[in-house]
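Here are my notes for you, point by point. Keep the model open while you read and find each residue as it comes up.

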Amino acid sequence: MKTMMSSFFSDMARRYGEPEGKLPAIPPSLGFKSVMGGKGESCDSVCSREGLKCNSEHSQRVNRCSALEEAATCLYGCNDMYYGNDLPVLDESKEMCLMNSKPSEFPFLCDAQHPSTRRLCPCTREL
């Protein structure tokens with residue numbers, strides 16, 4: 001039973017990420033903002049439209065189910081079985097949010113895009 005519970009909590013941490021308190025604080029001067037893009041847009045375009053710059057250093061803040069659910073309606077929840085440089089995204093055709101399960105192998109790229117998904121982008125002020 002102990003192993004099963006440990007596995008459950010490990011799975012939840014993977015899906016929902018570390019609690020906000022465990023992520024390093026972002027200086028207010030960076031003006032961090034998570035922004036959901038339009039279908040097929042790169043995060044460079046999304047952040048630029050907001051007067052900000054895509055900042056891949058903060059991709060772990062958006063590659064979380066909780067962040068996706070705040071920005072979009074993930075009708076069928078979050079799926080962390082996908083990977084790619086263009087994740088995290090909302091896949092409107094599946095009505096599901098997709099997270100990058102292999103961020104060390106497929107690091108977040110600000111210029112990546114996919115024609116059928118909407119990216120959740122980590123945007124900050126240019127310093």
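1. Start with cysteine 43, which is buried, at a relative accessible area of 0%. Here "buried" means under 20% relative accessible area, "exposed" means over 50%, and "partly exposed" is in between (1.4 Å probe, protein chains only). Cysteine 43 has a disulfide partner, cysteine 121, with an S to S distance of 2.1 Å. A disulfide is a pair of cysteine sulfur atoms within 2.5 Å. The two cysteines sit 78 residues apart, cysteine 43 in helix H2 (residues 43-49) and cysteine 121 in strand S6 (residues 118-124). Cysteine 121 is buried too, again at 0%.

2. A word on what you're looking at. This is a predicted model, where local features need pLDDT of at least 70 and side-chain atom pairs count only at pLDDT 80 or more, while totals for chains, interfaces and linings use all residues. Residues are numbered from 1 along each chain as its sequence is written, and side-chain values use heavy atoms, leaving out hydrogens and water. Helices (H or I, at least four residues) and strands (E, at least two) are DSSP runs, numbered from the N terminus.

3. Now look at cysteine 47, which is bonded to cysteine 123 at 1.9 Å, S to S. Because cysteine 47 lies in helix H2 and cysteine 123 in strand S6, this pair ties together parts that are 76 residues apart in sequence. Cysteine 47 is buried at 0% relative accessibility, and cysteine 123 is buried with 0% as well. The link is left-handed, with -75° about the S-S bond. The bond of cysteine 43 and cysteine 121 is also left-handed, with -80°.

4. Cysteine 65 belongs to helix H4 (residues 65-71) and cysteine 78 to strand S3 (residues 78-82), so parts 13 residues apart in sequence are tied together. Both cysteines are buried.

5. How many disulfides does a search of the whole structure find? It turns up five. Count the bonded cysteines along the chain and the pattern reads 1-9, 2-10, 3-8, 4-6, 5-7.

6. Next, the nonpolar cores. A nonpolar core is a set of buried Ala, Val, Leu, Ile, Met, Phe, Trp, Tyr and Cys residues joined through side-chain atoms within 4.5 Å. The largest one has twelve residues, including Met36, Leu68, Cys65 and Cys78. H4 and strand S5 (96-100) are the elements that give two or more residues to this core, and H4 supplies the largest share, three residues. Apart from that core lies another, of ten residues, among them Val35, Cys43, Cys47 and Cys110.

7. Last, the charges. The structure holds five salt bridges, a salt bridge being a side-chain nitrogen of Lys or Arg within 4 Å of a carboxyl oxygen of Asp or Glu. Lysine 33 meets glutamate 50 at 2.7 Å, N to O. Lysine 33 is partly exposed at 39%, and glutamate 50 is partly exposed at 34%. Compare aspartate 91 and lysine 94, which pair at 3.5 Å: aspartate 91 is buried at 5%, whereas lysine 94 is partly exposed at 38%. Salt bridges that share partners also join Lys39, Glu92 and Arg118 into one network.
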